[in-house]
Amino acid sequence: YRPEDLSTVHDIDRICFPDYMAYSRAELAFSLGHPAAISNVADLDGKILGFVVGRMESVDYAHVITLDVIPEARRHGVGSALMEVLHEEFRARGITQVVLEVAVANEEAQRFYARLGYGRVGLLGHYYKAQRDAYRMSLLL
């Protein structure tokens with residue numbers, strides 16, 4: 001990720017998520033620019049297909065903030081590759097546990113994260129801007 005990618009990744013986030021879940025430009029810029037953030041993009045011939053943002057929360061604990069892949073690039077390994085690179089970077093920094101949140105209604109994403117080894121560890125009521133519930137999922141690296 002480079003700062004000049006902000007407009008593109010913000011557009012991708014708005015495509016991938018409904019308004020009540022999508023980040024504002026300021027929220028996304030904050031997450032991408034956070035000193036403990038790891039942010040990567042996947043591109044093909046200069047076109048960004050997706051991105052991932054993770055943040056180290058402590059010396060051994062990290063949080064996946066968001067994973068976004070444009071619809072036409074889904075089911076081609078882009079999301080898996082982004083998550084694999086993020087997990088590798090977390091491991092290299094001593095992270096042993098990663099968490100993320102996924103909408104209860106988004107069964108496809110839940111199956112995707114389960115294939116990566118994540119398991120449900122809790123229910124977060126009214127998580128998305130107080131409108132929708134989410135599952136917290138966790139992975140031990």
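Let me start with strand 4, residues 97–103: six of its seven residues are buried, so the strand is largely enclosed by the rest of the structure. Buried here means under 20% relative accessible area, exposed means over 50%, and partly exposed is in between, with a 1.4 Å probe and protein chains only. Strands are DSSP runs of E with at least two residues, helices are runs of H or I with at least four, and both are numbered from the N terminus.

Before going on, this is a predicted model: local features need pLDDT of at least 70, side-chain atom pairs count only at pLDDT 80 or more, and totals for chains, interfaces and linings use all residues. Residues are numbered from 1 along each chain as its sequence is written, and side-chain values use heavy atoms, with hydrogens and water left out.

Now, what does strand 4 pair with? Strand 3 and strand 4 run parallel and are joined by three bridges; two strands pair if DSSP finds at least two bridges between them. In that pairing, V98 of strand 4 stands opposite A62. From strand 3 the chain passes through helix 3 to strand 4, a β-α-β crossover that is right-handed. That is, with the strands pointing away from the viewer, the path from the first strand over the helix to the second runs clockwise. Strand 4 also pairs with strand 6, residues 132–140, in an antiparallel arrangement with seven bridges. There, Q97 has L140 as its bridge partner.

On to the salt bridges. Side chains of opposite charge can pair when their charged atoms come close. The criterion is a side-chain nitrogen of Lys or Arg within 4 Å of a carboxyl oxygen of Asp or Glu. How many salt bridges does the whole structure hold? The search finds eight.

I will show three of them. E72 pairs with K47, with the closest N and O atoms 3.5 Å apart. E72 sits in the loop between strand 3 (61–69) and helix 3 (78–92), and K47 in strand 2 (residues 47–56), so this pair ties together parts 25 residues apart in sequence. E72 is exposed at 54% relative accessibility, while K47 is partly exposed at 45%.

D5 bridges to R2 at 3.4 Å between the closest N and O atoms. D5 is buried, at 7% relative accessible area, whereas R2 is partly exposed at 48%. R2, E4 and D5 are linked in a network of salt bridges.

Last, R93 and E89 form a salt bridge with their closest N and O atoms 4.0 Å apart. R93 is partly exposed at 45%, and E89 is partly exposed at 24%.
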